[in-house]
Amino acid sequence: MTEHFFNFKLLVKFQRYAWRGLFLMLTSAMVLAMVGNPFAERLAWLGVLLALVATVAKVVILAEQFRRSRLYRHWLLAYTLLIILASIVLIRLLFS
């Protein structure tokens, strides 16, 4: 049996910067909302979009780790998860 090793350095680095960016964006949106600035709502929506994009990017990075390790079942499951996530967002946008 062969062991499958993963290189998670890229994923950890991306996740660290994504969380910091999301925290700064949503904190600044909260401060702007407390002040009464109308730009706060747009900044909050951008924060939500950043969270969705970061989630998609993390799943893609993880899926490619599975593909490199020849774990094709997990690779397909990761991309199936992305399709489900995209369909939920599209259904929510279409029916709201």
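Trainee: Which helix gives the largest share of the lining of the largest pocket?

Mentor: Good place to start! Keep in mind that this is a predicted model. To read a pocket, look at which elements its lining residues belong to. Here α2 gives the largest share, with 4 residues. Both α2 and α3 (72-94) supply at least two lining residues each.

Trainee: Which residues line the largest pocket, and how much space lies in it?

Mentor: The lining is made up of W45, V48, L49, L52, V89, R92 and L93. The space in the pocket is about 170 Å³.

Trainee: Now the helices. How many residues has α1, and what span does it reach?

Mentor: A helix can be checked by setting its span beside the expected one. With 27 residues, α1 reaches 39 Å from its first C-alpha to its last, close to the 39 Å expected at 1.5 Å a residue. After α1 comes G36, which has a positive phi, near 100°.

Trainee: Which residues of α1 are buried?

Mentor: They are L11, A18, L22 and A29. Part of what covers these buried residues is α2.

Trainee: How many salt bridges does the structure hold?

Mentor: It holds 1 salt bridge. The partners are R67 and E64, whose closest N and O atoms are 2.6 Å apart.

Trainee: Why are R67 and E64 separated by about one helical turn?

Mentor: Here is the general idea: an α-helix has 3.6 residues a turn, so residues three or four places apart point the same way. In this case, R67 and E64 are separated by about one turn because they are 3 residues apart in helix α2. R67 counts as partly exposed, at 36% relative accessibility, and E64 also counts as partly exposed, at 23%.

Trainee: Which residues is K58 in contact with, leaving aside its neighbours within four places in sequence?

Mentor: K58 is in contact with L11, F14, Q15 and W19.

Notes:
Residues are numbered from 1 along each chain as its sequence is written. This is a predicted model: local features need pLDDT of at least 70, side-chain atom pairs count only at pLDDT 80 or more; totals for chains, interfaces and linings use all residues. Side-chain values use heavy atoms; hydrogens and water are left out. Contact means heavy atoms within 4.5 Å. The expected span of a helix is 1.5 Å times one less than its number of residues. Buried means under 20% relative accessible area, exposed over 50%, partly exposed in between (1.4 Å probe, protein chains only). On a 1 Å grid over the protein atoms alone, a cavity is a set of points where a 1.4 Å probe fits but cannot get out, and a pocket is an open set with protein on both sides within 12 Å along at least five of seven lines; lining residues have an atom within 4 Å of a point. Grid points are joined across faces, edges and corners, and a volume is the space filled by probe spheres set on the points. A salt bridge is a side-chain nitrogen of Lys or Arg within 4 Å of a carboxyl oxygen of Asp or Glu.
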